[in-house]
Amino acid sequence: MTSSDRLVLRRPDDWHVHLRDGAMLKAVLPATARTFARAIVMPNLRPPVTSVDEAVAYRARILAALPEGVSFQPLMTAYLTDAIDPGELDRGFREGVFSAAKLYPANATTNSAAGVSDLYNISAVLECMEAIDMPLLIHGEVTDPDVDVFDREAQFIERHLKPLRERHPRLRIILEHITTEEAVIYIRESYQGGDQRIAATITPHHLHLNRNAMFLGGLRSDFYCLPVVKRECHRRALVQAATSGLPCFFLGTDSAPHPRSGKDSACGCAGIFNAFHALESYATVFEQEGALDRLESFASEYGPHFYGLPLNADTVTLVRRDQPIPSRLLPPQSARVGDDTLPESEWPLLFHAGETLAWCVEINGHSGPN
Ligand code: NCD
Ligand code: ZN
């Protein structure tokens with residue numbers, strides 16, 4: 001095995017993940033915690049995480065669900081609503097409970113009904129966040145039903161993001177899971193213009209898929225997520241951004257598991273579950289672009305820099321070895337006892353199911369997620 005067949009990386013973090021709760025949390029957390037040292041945990045539970053106490057309790061449930069011996073730090077976020085109290089955010093941030101706050105435009109995506117209906121409703125909250133330098137994480141899509149689903153991100157930038165940044169120029173913002181060339185250009189030009197207060201995360205699935213995937217041989221809810229995957233030219237722009245070596249683009253998987261019954265339905269849920277092979281998935285794209293030497297900074301450095309957090313000291317190893325991806329991975333039998341267990345039929349479908357990835361993550365000499 002040559003050195004190009006083994007890639008030792010500083011351990012990465014996931015700057016956007018849905019860990020869910022209850023049985024699903026127990027089922028999916030090991031996948032994230034195995035590879036990633038820290039993760040920004042989305043607050044769109046039912047009901048959403050809107051208070052410091054709820055975040056503390058959710059964090060405790062996550063830590064309790066961790067497999068023994070795995071080190072993982074969940075970074076909690078507050079779900080912004082029209083009525084959220086700036087004092088609550090301020091306290092949560094100062095106490096080190098909240099790492100950021102999440103803006104879901106109301107009804108933009110899964111469990112976002114309680115989100116913000118008008119940015120002006122949270123002006124005081126945004127002023128407070130600006131003052132304490134608390135990052136704002138944005139699901140950047142307009143919800144106007146008259147706007148084509150494929151145009152909603154680009155429209156959000158023009159209608160909401162640019163004016164928001166004029167009103168709150170010091171606010172630190174992450175435009176999450178970007179999907180369009182328009183977003184890439186906006187973030188890149190901001191950065192190159194000397195503005196380091198905005199960055200974007202990019203998911204593995206938006207690097208691999210264009211919108212044809214949703215219609216391959218039939219209607220495929222397994223490739224449906226929000227913001228929805230776009231045309232090939234947008235995927236190419238995202239690949240170039242991720243592999244550009246610019247610090248304003250970094251890793252955020254948006255791994256969003258749903259029970260099979262939620263996906264295999266006439267009205268399939270939005271969300272792709274990629275946590276098991278996320279790093280391998282990114283590595284595949286970086287290798288295709290001849291940019292494997294830039295994977296570490298994208299996965300393990302630019303995120304902590306933006307959040308002002310230390311880099312992880314431990315490492316993970318990517319080994320070049322064919323890895324056939326099954327449609328689902330069940331946890332060890334030991335983790336499948338008790339009431340709080342996801343029925344096998346409800347295990348979420350894995351991203352890349354049926355494909356073979358050319359890389360495996362090895363942790364302490366062990367490969368494979370189980
Ligand atoms: C996410 C979910 O399922 O919670 N779905 C998705 O398609 N990405 C919500 C979100 O991040 O939009
Ligand atoms: Zn998400």
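Student: Leaving aside its neighbours within four places in sequence, which residues is His352 in contact with?

Tutor: Good place to begin, and keep in mind that this is a predicted model. Contact here means heavy atoms within 4.5 Å. Once neighbours within four places in sequence are set aside, His352 touches His208, Ser281, Ile325 and Leu357. You will find His352 in the loop between strand E10 (315-324) and strand E11 (356-363).

Student: Is His352 buried or exposed?

Tutor: A residue counts as buried when its relative accessible area is under 20%. His352 has a relative accessible area of 3%, so this residue is buried.

Student: Now the metal. Which residues coordinate the zinc ion (ligand 2)?

Tutor: Look for the donor atoms around the ion. Here His16 (NE2), His18 (NE2) and Asp254 (OD) coordinate the zinc ion (ligand 2), at 2.0 Å. Along the sequence, these donor residues follow the spacing H-x1-H-x235-D. The pair His16 and Asp254 links distant parts of the chain, 238 residues apart. His16 sits in strand E2 (residues 14-17), while Asp254 is in the loop between strand E9 (249-251) and helix H9 (260-263). Both His16 and Asp254 are buried.

Student: Why is the arrangement around the zinc ion (ligand 2) irregular?

Tutor: Start with the ideal: four tetrahedral donors have angles of 109.5 degrees. To count as tetrahedral, four donors need all angles between 85 and 135 degrees. The four donor atoms around the zinc ion (ligand 2) subtend angles of 91 to 142°, so the arrangement is irregular.

Student: How many cavities of 30 Å³ or more does a search of the whole structure find?

Tutor: A cavity is a space where a probe fits but cannot get out. The search finds three cavities of 30 Å³ or more. The largest cavity has a volume of about 110 Å³. Its lining has 16 residues, and those closest to the centre are His18, Thr109, Thr110, Leu226 and Asp254. By class, the lining of the largest cavity has five nonpolar, eight polar and three charged residues.

Student: Which helix gives the largest share of the lining of the second largest cavity?

Tutor: Helix H8 (residues 232-242) does, with three residues. The second largest cavity holds about 40 Å³ of space. Its lining residues include Thr179, His206, His234, Arg235 and Leu238. They divide into three nonpolar, four polar and three charged residues.

Student: Which residues of H8 are buried?

Tutor: They are His234, Arg235, Ala237, Leu238, Val239, Ala241 and Ala242. For the buried residues of H8, the cover includes helix H6 (181-192), strand E8 (198-202), helix H7 (204-208), E9, helix H10 (278-288) and helix H11 (295-307).

Student: And pockets? Which residues lie nearest the centre of the second largest pocket?

Tutor: Unlike a cavity, a pocket is open. In the second largest pocket, Asp21, Asn44, Leu45, Arg46 and Asn111 lie nearest the centre, out of 18 lining residues. This pocket has about 370 Å³ of space. Helix H2 (residues 52-64) supplies the largest share of the lining, three residues. Sorted by class, the lining has nine nonpolar, four polar and five charged residues.

Key:
Residues are numbered from 1 along each chain as its sequence is written. Chains are lettered from A and ligands numbered from 1 in the order in which they are written. This is a predicted model: local features need pLDDT of at least 70, side-chain atom pairs count only at pLDDT 80 or more; totals for chains, interfaces and linings use all residues. Side-chain values use heavy atoms; hydrogens and water are left out. Donors are N, O and S atoms within 2.8 Å of the metal (3.2 Å for Na, K and Ca); water is not among the atoms, so sites may look incomplete. Four donors count as tetrahedral if all angles lie between 85 and 135 degrees; four count as square planar and six as octahedral if opposite donors are over 155 degrees apart and all others between 65 and 115; anything else is irregular. Helices (H or I, at least four residues) and strands (E, at least two) are DSSP runs, numbered from the N terminus. Buried means under 20% relative accessible area, exposed over 50%, partly exposed in between (1.4 Å probe, protein chains only). On a 1 Å grid over the protein atoms alone, a cavity is a set of points where a 1.4 Å probe fits but cannot get out, and a pocket is an open set with protein on both sides within 12 Å along at least five of seven lines; lining residues have an atom within 4 Å of a point. Grid points are joined across faces, edges and corners, and a volume is the space filled by probe spheres set on the points. Ala, Val, Leu, Ile, Met, Phe, Trp, Tyr, Cys and Pro count as nonpolar, Asp, Glu, Lys and Arg as charged, and the others, Gly among them, as polar.
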